[in-house]
Amino acid sequence: MATMTDVARLARTSVATVSAIVNGSARVSPALAERVKAAIAETGYRPDGIARSLRKGRTHTIGLLVTDIANPFFTAVVRSVEDAAQARGYAVFLCNSDEDLGKERTYVGLLRTRRIDGLILVPCGSRRDYESLPAGLGAPIVFVDRVIPGVPVDSVAVDNARASQAAIEHLLRLGHRRIGIVTGLPHLSTSAERLKGYRRALRKAGIEIDADLIRQGDFRQDGALQATQSLLKLRQRPTGIFASNNLMAIGTMLAIRAAGLDCPADVSLACFDDFDWAGAFHPRLTVLRQPTVEIGRRAMDFLFDRLAGGEALTAPPRRALLKAELVIRESCAPPRSERWPARGRRASGTGEADVRA
């Protein structure tokens, strides 16, 4: 591999002159500049971009650490962050923690050694796991999707409680009274807030909370399948189910079909998160659509505000709380009756409606 010394020897000049020309900080004759450029081309020398960036105090790289890249929601957010970063001349290091705190810490350490200018993080731990992170990283941080109260960083999320309440109220308007929920991991803010909205909707309707109808998943397909199977084995099983994310909606639908039941004739289904193939389900899924493009854009805006310095550098943490949309499709229909149920024909429909949650 060619070095700057090789270039200097071929160009018949000093290493200091080559370095100055490479970094654009020298005033030399056009002939000398051309000689150095020709020597660079002939030797195949490539300047160390990281070293040059460090001398200037920036690497123009952003770390993006998500919990499940296979989840279409995170895939869409990644695309939005990458687009916003590229427009500002930044590259993105993408890492996937797999909901594993140890793996997350390993990646944060790796990103620290890469001297990233900022980090966008979907946290998978609890408050104590992040209390020292802002000082330890030495770069601005933005939490996305999940909020960790008490950790002094900016955050971007949707109003999960309000959105899930809207989905449950939709099922209530259809006449459902026994509504089950498959939640995510209990220590995560998204799980807690979505469960909060579920409870709030039922209490508002004067319906007592039945703990048997609340089952914990893990934000993954298999966990939701098992949780839904336990719901469907209840003596009085639910007539409607709310899955707390898109992957769990798949597991829930698989469990409904494996039990020989029909959606929505026997069990209605709504879920958090829209995804490209939700409309290809049969029936098409009623979902809460998150503004993924805006989530990524707002996270990058917060990050670049901090990087710009000045007053923004020491301003208090900011929180963007965005709205989700309830997209009504065919997976929800009125229950057959208050008694559980005789089988009959499938309820159907072809319309789709967006309702601001």
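**View 1. Threonine 59 and its polar contact with arginine 115.** The backbone oxygen of arginine 115 lies 2.8 Å from a polar atom of the side chain of threonine 59. A polar contact is a pair of N or O atoms within 3.5 Å; within protein, one must be able to donate a hydrogen and the other to accept it, and residues adjacent in sequence count only if both atoms are side-chain atoms. Threonine 59 belongs to the loop between α4 (49–56) and β1. Helices (H or I, at least four residues) and strands (E, at least two) are DSSP runs, numbered from the N terminus. With a relative accessibility of 13%, threonine 59 counts as buried; buried means under 20% relative accessible area, exposed over 50%, and partly exposed in between (1.4 Å probe, protein chains only).

This is a predicted model, in which local features need pLDDT of at least 70, side-chain atom pairs count only at pLDDT 80 or more, and totals for chains, interfaces and linings use all residues. Residues are numbered from 1 along each chain as its sequence is written, and side-chain values use heavy atoms, with hydrogens and water left out.

**View 2. Helices α2 and α3.** Helix α2 (residues 15–22) packs against helix α3 (residues 30–43) at an angle of about 90°, and their axes are 11 Å apart. The two helices are therefore roughly perpendicular, a term for angles of 65 to 115 degrees; under 35 counts as roughly parallel, over 145 as roughly antiparallel and the rest as oblique. Axes are lines fitted to C-alpha atoms, for helices over the stretch in contact, and angles run from 0 to 180 degrees between N-to-C directions. Thr17, Val18, Ile21 and Val22 of α2 meet Leu32, Ala33, Val36 and Ile40 of α3, where contact means heavy atoms within 4.5 Å. By class, this contact has seven nonpolar residues, one polar residue and no charged residues.

View 3. Asparagine 71 caps the N-terminal end of α5, with a side-chain oxygen 2.9 Å from the backbone nitrogen of phenylalanine 73. At 1.5 Å a residue, the 16 residues of α5 (residues 72–87) should span 22 Å, and the 23 Å between its end C-alpha atoms agrees with this. Among the buried residues of α5 are Phe73, Phe74, Val77, Val78 and Val81. The buried residues of this helix pack against strands β1 (61–66), β2 (91–96), β3 (118–121) and β4 (141–144), and against helices α11 (246–258) and α12 (292–307). Just after α5, glycine 89 has a positive phi of about 80°.

**View 4. Isoleucine 69, in the loop between β1 and α5**. Isoleucine 69 is partly exposed, at a relative accessible area of 34%. Leaving aside neighbours within four places in sequence, isoleucine 69 is in contact with Thr75, Val78, Leu94 and Asn96. The C-alpha atoms of isoleucine 69 and aspartate 98 are separated by 8.1 Å, although these residues are 29 residues apart along the chain.

View 5. Phenylalanine 219, in the loop between β7 (214–216) and α10 (221–232), has a positive phi of about 70° although it is not a glycine. Phenylalanine 219 is buried, with a relative accessible area of 5%. Aspartate 273 lies in the loop between β9 and β10 (286–289); its phi is near 90°, a positive value in a residue other than glycine. Aspartate 273 counts as buried at 3% relative accessibility. The peptide bond from cysteine 263 to proline 264 is cis, with omega near 10°, and proline 264 is in the loop between α11 and β9 (268–272).

Note on methods
Ala, Val, Leu, Ile, Met, Phe, Trp, Tyr, Cys and Pro count as nonpolar, Asp, Glu, Lys and Arg as charged, and the others, Gly among them, as polar. The expected span of a helix is 1.5 Å times one less than its number of residues.
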